[in-house]
Amino acid sequence: MTFAAKYGPWALVAGASDGVGAAFARGLAERGVNVVLLARRRAVLDDVAAQIVSATSAQARTLAVDLAAPGAAVAIAEATADLEIGFLVYCAGADPNFKPYLSSPVQAAESMVQRNCMVPAQLCHHFAPTMVERGRGGIVIFGSGAGFAGGPNMVAYAASKAFDMVFAEALWAELHDKGVDVLGLILGKTDTPALRELEYRRGQIASPDDAPPGAVAVDDVIAEAFDNLTGGPTWIVGEELRAGMQLLGSLPRNEAVKLISAASAAAMGSD
């Protein structure tokens with residue numbers, strides 16, 4: 001069975017406006033799967049869609065929805081009701097702020113939980129039954145190394161990514177023998193436009209055109225994702241992050257939190 005026959009005819013990619021999400025959408029289109037590109041910024045999505053259509057034989061639709069807004073999953077379900085979605089990619093939910101929990105209003109944490117926990121759970125519950133009925137399909141939920149242990153400046157974000165990882169693993173346990181591949185893809189520092197802008201604002205790189213030191217290239221992330229799609233339930237991207245997670249897993253929880261806290265302080269440029 002070809003990739004498109006197994007995972008097509010359509011894929012929904014949340015967080016497809018740039019970075020890893022846009023690259024994943026292009027990878028799906030190159031493999032013959034039509035793509036629905038989902039994010040907040042319609043103009044940017046339209047540019048990505050145009051590039052995909054011009055470079056591949058796949059079709060591309062755009063869907064502008066704020067995933068932190070109430071009713072986001074319902075709006076997405078209604079907008080894709082005429083399509084057979086055989087593949088779901090949830091790549092949204094980054095935290096560009098990196099601030100102490102109490103320095104932001106609680107609504108910021110609520111939005112993070114909505115975007116990173118509620119919506120992927122709702123979308124999987126909506127799209128997966130059809131995949132199970134067909135006996136084929138795929139789901140990729142992006143996680144983060146931040147979800148392996150708590151640390152300062154990313155309280156709600158790290159907790160939401162811990163949810164994403166365990167949710168993907170549990171869903172894999174239920175669905176992998178029904179023909180549906182589920183993968184929790186765990187990323188560390190990745191060379192995306194959002195990270196470049198963040199490190200530029202902090203003075204850590206000289207220009208937003210510079211690659212952040214130690215960041216994994218987007219193309220490498222996508223290659224590892226497709227190479228490990230059928231393995232499940234969790235794949236940690238990059239040798240350095242895999243080694244780091246092994247170390248964290250070998251430590252008592254309080255020591256793991258201290259290690260993450262030291263890394264957070266280093267990222268903030270403090271002692």
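Mentor: Start with what an axis is here: a line fitted to C-alpha atoms, for helices over the stretch in contact, with angles taken between N-to-C directions from 0 to 180 degrees. Keep in mind that this is a predicted model.

Take helix α5, residues 106–134, with helix α6, residues 155–175. Their axes come within 9 Å and cross at roughly 15°. Angles under 35 degrees count as roughly parallel, so α5 is roughly parallel to α6. The crossing of α5 past α6 is right-handed. On the α5 side, the contact uses Ala109, Met112, Asn116, Cys117, Pro120, Ala121, Cys124, Ala128 and Val132. On the α6 side, the partners are Ala156, Tyr157, Ser160, Lys161, Phe163, Asp164, Phe167, Leu171 and Leu175. Sorted by class, this contact of α5 with α6 holds 14 nonpolar, two polar and two charged residues.

A disulfide is a covalent bond between the sulfur atoms of two cysteines. The structure holds zero disulfides. For Cys117, the closest cysteine sulfur is in Cys124, 12 Å away, which is too far for a bond. Cys124 is likewise in no disulfide, and its nearest cysteine sulfur is that of Cys117. Cys117 counts as buried because its relative accessibility is 8%. Cys124 is buried too, at 4% relative accessibility.

Helix α5 also packs against helix α4, residues 72–79. Here the angle is about 35° and the axes are 9 Å apart. Again the crossing is right-handed, as α4 passes α5. Ala72, Ala73, Ile76 and Ala77 of α4 meet Val119, Gln122, Leu123 and His126 of α5. The tally for the contact of α4 with α5 is six nonpolar, two polar and no charged residues.

Now the pair α2, residues 19–30, and α8, residues 218–227. Their axes come within 10 Å and cross at roughly 50°. That angle makes α2 oblique to α8. The crossing of α2 past α8 is right-handed. Helix α2 supplies Gly19, Val20, Ala23, Phe24, Gly27 and Leu28. Helix α8 supplies Val218, Val221, Ile222, Ala225 and Phe226. Nine of the residues in the contact of α2 with α8 are nonpolar, two are polar and none is charged.

Follow the chain out of α8. Leu229 sits in the loop between α8 and β7, the strand at 234–236. Is Leu229 buried or exposed? Leu229 counts as buried, because its relative accessibility is 3%. Leaving out residues up to four places away in sequence, Leu229 touches Phe3, Tyr7, Phe87, Val140, Asp181 and Leu183. Val140 is 89 residues from Leu229 in sequence, yet their C-alpha atoms are 8.0 Å apart.

The loop between α8 and β7 also holds Pro233. A cis peptide bond joins Gly232 to Pro233, with omega about -10°. Another cis bond links Gly8 and Pro9, with omega about 0°. Pro9 lies in the loop between α1 (3–7) and β1 (10–14).

Asn153 is in the loop between β5 (137–144) and α6. Asn153 is not a glycine, yet its phi is positive, about 75°. At 12% relative accessibility, Asn153 counts as buried.

Note on methods: Residues are numbered from 1 along each chain as its sequence is written. This is a predicted model: local features need pLDDT of at least 70, side-chain atom pairs count only at pLDDT 80 or more; totals for chains, interfaces and linings use all residues. Side-chain values use heavy atoms; hydrogens and water are left out. A disulfide is a pair of cysteine sulfur atoms within 2.5 Å. Buried means under 20% relative accessible area, exposed over 50%, partly exposed in between (1.4 Å probe, protein chains only). Helices (H or I, at least four residues) and strands (E, at least two) are DSSP runs, numbered from the N terminus. Angles under 35 degrees count as roughly parallel, over 145 as roughly antiparallel, 65 to 115 as roughly perpendicular and the rest as oblique. A crossing is left-handed if the near helix is turned anticlockwise from the far one by less than a right angle, and right-handed if clockwise. Contact means heavy atoms within 4.5 Å. Ala, Val, Leu, Ile, Met, Phe, Trp, Tyr, Cys and Pro count as nonpolar, Asp, Glu, Lys and Arg as charged, and the others, Gly among them, as polar.
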